[in-house]
Amino acid sequence: MEVAKITSRGQTTIPRRIREAADLSKGDVIAFEVEGDHLVVRKVMPGQDNYAMGLSKILNEWISPEDEEAWRDL
């Protein structure tokens, strides 16, 4: 088991061993689900989930340093 803290902004880092085991790389899309008392994180493969891929493309337009600054305290 690996553990990581969640920041005040709701962010965390996926530990290296977990990223390697799940074959996660920069730019990959992951999906979150809650199943009972478990948080499930899945890698979204290209073409596997058109909704998540489309949503990711839309949200990526809001990741500039200016956007980060504007949303920092929310």
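**From values to terms**

Me: Why is Met1 called exposed?
Reply: Met1 has a relative accessibility of 93%, and exposed means over 50% relative accessible area, buried under 20% and partly exposed in between, with a 1.4 Å probe and protein chains only, so Met1 counts as exposed. Met1 lies in the segment before H1, where helices (H or I, at least four residues) and strands (E, at least two) are DSSP runs numbered from the N terminus. From C-alpha to C-alpha, Met1 is 9.8 Å from Arg17, at a sequence separation of 16 residues.

Me: On what basis should these values be read?
Reply: This is a predicted model, in which local features need pLDDT of at least 70 and side-chain atom pairs count only at pLDDT 80 or more, while totals for chains, interfaces and linings use all residues. Residues are numbered from 1 along each chain as its sequence is written, and side-chain values use heavy atoms, with hydrogens and water left out.

Me: Why does Ile6 count as exposed, and which residues is Ile6 in contact with beyond four places in sequence?
Reply: Its relative accessibility is 64%, and therefore Ile6 counts as exposed. Ile6, which is also found in the segment before helix H1 (16-21), is in contact (heavy atoms within 4.5 Å) with Gln11 and Thr12, once neighbours within four places in sequence are left aside.

Me: Why is Val41 called partly exposed?
Reply: Val41, in strand E2, is placed in the class of partly exposed residues because its relative accessibility is 40%.

Me: What makes E1 and E2 a pair of strands?
Reply: Two strands pair if DSSP finds at least two bridges between them, and E1 (residues 29-35) and E2 (residues 38-44) are joined in the antiparallel sense over 7 bridges. Ala31 stands opposite Arg42 in E2. The two strands form a hairpin with 2 residues between them, and Gly36 in the turn has a positive phi of about 65°.

Me: Where in the protein chain is confidence lowest, and where is it highest?
Reply: By pLDDT, the predictor's confidence in each residue from 0 to 100, the lowest mean is 64, in helix H2 (residues 50-59), and the highest is 95, in H1. For the protein chain the mean is 82, with 76% of residues reaching 70 or more. Where pLDDT is low, the predicted coordinates should not be read in detail.
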